Amino acid sequence: KEKDHLAYYLNNYARALIVADRLEEAQKALDESRDLQPENAWLFYYRALLHIARKQEKLACQDFQQAIDLNQPPIPPRKKAKAQAFIKRFSDSNPNT
């Protein structure tokens, strides 16, 4: 269980780094989290936010979908709704992707 706690810490740390525009450090934290807990929904949620910060909307949609689909642990309904809204907005404005 200790590695689970470390993965959660790394996800939250990455979120703070994204807000601080320290994107490379955030990527490293998320990569380490993925190595510890590859099925963690929060990993994908925060990685989607990193993709948005990098203007990689298609990758963000893919990771948001993973965050919605996974449940180890599940993201809460508000976060799920935000992820779904982003995917819909992207799909509506990019119908051929």
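Which side chains meet in a salt bridge at 3.9 Å, N to O? In this predicted model, in which local features need pLDDT of at least 70 and side-chain atom pairs count only at pLDDT 80 or more, while totals for chains, interfaces and linings use all residues, the pair in question is Arg34 and Asp35. Residues are numbered from 1 along each chain as its sequence is written, and side-chain values use heavy atoms, with hydrogens and water left out.

Confidence in the prediction is expressed as pLDDT, the predictor's confidence in each residue, from 0 to 100. The chain has a mean pLDDT of 94, with 98% of its residues at 70 or more. Among its elements, the lowest mean pLDDT, 92, belongs to helix 1 (residues 2-19), and the highest, 98, to helix 3 (residues 41-53); helices are DSSP runs of H or I with at least four residues, numbered from the N terminus.

Helix 5 (residues 77-93) comprises 17 residues, which at 1.5 Å a residue should span 24 Å, in agreement with the 24 Å that separates its end C-alpha atoms; the expected span is 1.5 Å times one less than the number of residues. Ala83, Phe86, Ile87 and Phe90 of helix 5 are buried, where buried means under 20% relative accessible area, exposed over 50%, and partly exposed in between, with a 1.4 Å probe and protein chains only. These residues cover an arc of only 95° around the axis, which puts them on the same side of helix 5, the arc being that of the directions from the helix axis to the C-beta atoms. An α-helix has 3.6 residues a turn, so residues three or four places apart point the same way. The cover over the buried residues of helix 5 includes helix 3 and helix 4 (57-69), whereas the face turned away from the buried side carries the exposed residues Pro77, Arg78, Lys88, Arg89, Asp92 and Ser93.

Six salt bridges are found in a search of the whole structure, a salt bridge being a side-chain nitrogen of Lys or Arg within 4 Å of a carboxyl oxygen of Asp or Glu. In the pair formed by Arg34 and Asp35, Arg34 is partly exposed at 32% relative accessible area, and Asp35 is exposed at 61%. Through salt bridges that share partners, Asp31, Arg34 and Asp35 are joined into one network. A further salt bridge connects Glu24 with Arg54 at 3.1 Å, N to O; this pair links distant parts of the chain, since Glu24 lies in helix 2 (residues 23-36) and Arg54 in the loop between helix 3 and helix 4, 30 residues apart. Glu24 is exposed, with 54% relative accessibility, and Arg54 is partly exposed, with 24%. Glu25 forms a salt bridge with Arg22, with 2.7 Å between the closest N and O atoms; Glu25 is partly exposed at 35%, as is Arg22 at 39%.

Backbone geometry was also examined in the loops. Most residues other than glycine have a negative phi, and most peptide bonds are trans. In the loop between helix 1 and helix 2, Asp21 has a positive phi near 60° and is exposed, with a relative accessible area of 58%. Lys55, in the loop between helix 3 and helix 4, likewise has a positive phi of about 60° and is exposed at 63%. A cis peptide bond with omega about -10° joins Gln72 and Pro73, and Pro73 is placed in the loop between helix 4 and helix 5.

Key. Helices (H or I, at least four residues) and strands (E, at least two) are DSSP runs, numbered from the N terminus. Contact means heavy atoms within 4.5 Å.
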